[in-house]
Amino acid sequence: YFQFLVERVKVAKYRSREQLDILEMMFANTLSLRVATPATPSISLPLFGAPIASPTNDCQVTRHISADGIRFKLLTCVLSMLQGETSVGRFSYNVLRERVYASALHFFSTAPQGPVQESSQLRNDLQMLSAFWQRLCRCQVYQEGDIQCSQW
């Protein structure tokens, strides 16, 4: 299912503004702005009861070490969508970019964990983390473009 989502983002990035809006809303509801879990237990929200893109909408993505590859594949996918040609100057994309950063930092805010994957899966997960890092480094170029466009 996840490969379908990645391909859908690739296609929508160059063809359909409506699909990008739907994907943007979906990613905004999936990724939280919270970096670390609070000291007090959180109250879980009902599945469809939370407002769309609310700052209190804390849908949590798991921080288990075995899910790091899929987490960073998702974050890389979102960053690739944000770095498309149609993303220049959109305020909502800047908010979504902040959610990507927070989700990445949220993963690293846990206690150290040892790998539980097989060596081949661990290698793939590390490659996804490396791909995310490379995409993240390219993100600054796009942000500078957004700033230049907004100054005009």
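These legends accompany close-up views of a predicted model.

View 1. Starting at the N terminus, the order of elements reads α-α-α-α-α. The chain has 152 residues, and 34% of them count as buried. Looking at contacts with a separation of 6 or more, 80% join residues 24 or more positions apart.

**View 2. Helix 4, covering residues 91–107.** Here you can follow 17 residues from the first C-alpha to the last, a reach of 25 Å. That is close to the 24 Å expected at 1.5 Å a residue. Which residues of this helix are buried? They include the aromatic residues Tyr 93 and Phe 107, together with His 106. Leu 96, Val 100, Ala 102 and Ala 104 are also among them. Do look out for Arg 97, Arg 99 and Ser 103, which belong to the buried set as well.

**View 3. The salt bridge between Asp 21 and Arg 17.** The structure holds one salt bridge, so this is the view to visit for it. The closest N and O atoms of the pair are 3.2 Å apart, inside the 4 Å cut-off for a salt bridge. Side chains of opposite charge can pair when their charged atoms come close.

**View 4. The setting of the pair in helix 2, residues 17–30.** Both Asp 21 and Arg 17 lie in this helix, four residues apart, or about one turn.

Note on methods:
Residues numbered from 1 in each chain as written. Predicted model: local features only at pLDDT ≥ 70, side-chain atom pairs only at ≥ 80, totals over all residues. Heavy atoms only, no water. Helix = DSSP H or I, 4+ residues; strand = E, 2+ residues; numbered from the N terminus. Expected span 1.5 Å × (residues − 1). Buried < 20%, exposed > 50% of the residue type's maximum accessible area, 1.4 Å probe, protein only. Salt bridge = Lys/Arg side-chain N within 4 Å of Asp/Glu carboxyl O. Contact = heavy atoms within 4.5 Å.
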